[in-house]
Amino acid sequence: MDLEELSEVMKTYQSEYNMISKTPMHLVLFKFAVEHISRISRVLKQDNSHALLIGIGGSGRQSLTKMAAFMAGYDLIQIEISRTYGIHEWREDLKKVLKHAGNDGKQTVFLFADNQIKDESFVEDINMILNTGDVPNIYPPEEKGEILERMQAVLKASGKVTDTSPLTLYNVFIERVRTKLHVVLAMSPVGDAFRNRLRMFTSLINCCTIDWFTEWPEDALEKVAHNFLAVLDMHDLLDRCVFMCKHFHESVRLLSI
């Protein structure tokens, strides 16, 4: 209920994140950012919940997702796209993500951005995971056997051994994936590609909570400018320079529409 208190809590989490991360984030937690972290956090805290973050590049979708995942104590996984990255590498990465949630039973956030889509089949696989928690025929027989063995051990440990048929064991794995895995998609609404993907793969809408990242409000621009200029010895000019930065940003944005 208290925005100031919430901001201070998030600043504490950010300090903790920067202490243990190899890539620290120096975020200015203005009201806009705090609200989006709160929304993403609420989504991640629910079972079988996924998020579609819509906004232009640089609006903070990925950074704020990393913050929300850290605050929840979840493992965040992103793929690394290279020049030679293809369908085989994509499927291997997907298997790691699914096993992390299903086999290891760890709360997992899979953060995927539209600039990582090298092939439209990537989106088709994401669509299947959102809908069913599985990708058909992704595991070769030996890997599937390992998963079934792991699920048998999980059932024994929980004392719920009723049926150990392969179908039942695999369904246990899928259910664990649906409970533990949270897909967060960062997409831009600019151009036709986004609209076409939503038409072709309806789970992107039906199975995700949508969060729109609109343009930053003026108070956010002021706070960011003030944060970066405060380290300079500007005396009485600080407020005027902050106003200039805000004015330049807004005027360029309006001219580019």
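**From one residue to the whole chain**

Modeller: This is a predicted model, and we can begin with H36, which is buried because its relative accessible area is 2%, under the 20% cut-off. H36 belongs to helix α2, which covers residues 31-44.

Colleague: Which residues does H36 touch, once those up to four places away in sequence are left out?

Modeller: Leaving those out, H36 touches L64, D211, W212 and F213. A second case can be read in the same way: S203 lies in helix α9, residues 203-206, and S203 is buried, with a relative accessible area of 5%. Not counting residues up to four places away in sequence, S203 is in contact with N127, L130, N131 and C208.

Colleague: How should I read a nonpolar core, and which residues touch the most other members of the largest one?

Modeller: The general idea is that in soluble globular proteins nonpolar side chains tend to be buried together. Here the largest nonpolar core holds 38 residues, and those that touch the most other members are W90, F110, F112, I126, L181, L185 and L204. Two or more residues of this core come from each of β1 (51-54), α4 (87-102), β3 (108-113), α5 (120-132), α6 (141-158), α7 (166-180), β4 (181-187) and α8 (192-200). Apart from this core lies another, of 27 residues, including L44, L53, A68 and F213.

Colleague: What does L185 touch, not counting residues up to four places away in sequence?

Modeller: On that count, L185 touches A51, L52, L53, F112, I126, L130, L204 and C208.

Colleague: How many aromatic pairs are there, and how would you describe one of them?

Modeller: The count comes to 13 aromatic pairs. In one of them, the ring centres of W90 and F110 are 6.3 Å apart and the planes are at 40°, so the pair is tilted. Since W90 lies in helix α4 and F110 in strand β3, this pair ties together parts that are 20 residues apart in sequence. Both partners can also be read for burial: W90 counts as buried at 0% relative accessibility, and F110 counts as buried at 2%.

Colleague: How are the rings of W90 and F112 placed?

Modeller: Their centres are 5.2 Å apart and their planes are at 45°, so this pair too is tilted. With W90 in helix α4 and F112 in strand β3, the pair ties together parts that are 22 residues apart in sequence, and F112 counts as buried at 1% relative accessibility. Ring pairs link Y85, W90, F110, F112 and F122 into a cluster. A ring can also have a charge over it, and here the charged end of K144 sits over the ring of Y170, 4.3 Å from the ring centre.

Colleague: How do I read a helix such as α4, and which elements do its buried residues pack against?

Modeller: One may begin with the span and then ask which residues are covered. Helix α4 has 16 residues and reaches 22 Å from its first C-alpha to its last, close to the 22 Å expected at 1.5 Å a residue. The buried residues of α4 are W90, D93, L94, K95, V97, L98, H100, A101 and G102, and they pack against β2 (75-77), β3, α5, α6, α7 and β4.

Colleague: What can be said of the protein chain taken as a whole?

Modeller: The protein chain has 11 helices and five strands, and its C-alpha atoms fill a box of roughly 75 × 40 × 35 Å along the principal axes. Buried residues make up 42% of the 257 residues, and among contacts with a separation of 6 or more, 77% are accounted for by residues 24 or more positions apart. The accessible surface of the chain comes to about 14500 Å², of which 54% belongs to carbon and sulfur atoms.

Methods. Residues are numbered from 1 along each chain as its sequence is written. This is a predicted model: local features need pLDDT of at least 70, side-chain atom pairs count only at pLDDT 80 or more; totals for chains, interfaces and linings use all residues. Side-chain values use heavy atoms; hydrogens and water are left out. A nonpolar core is a set of buried Ala, Val, Leu, Ile, Met, Phe, Trp, Tyr and Cys residues joined through side-chain atoms within 4.5 Å. Buried means under 20% relative accessible area, exposed over 50%, partly exposed in between (1.4 Å probe, protein chains only). Helices (H or I, at least four residues) and strands (E, at least two) are DSSP runs, numbered from the N terminus. Contact means heavy atoms within 4.5 Å. Rings of Phe, Tyr and Trp (its six-membered ring) pair if their centres lie within 6.5 Å; planes under 30 degrees apart count as stacked, over 60 as edge-to-face and the rest as tilted. A charge sits over a ring if NZ of Lys or CZ of Arg is within 6 Å of the ring centre and within 35 degrees of the ring normal. The expected span of a helix is 1.5 Å times one less than its number of residues. Accessible areas come from the Shrake-Rupley method with a 1.4 Å probe; for residues, only the protein chains shown count as cover.
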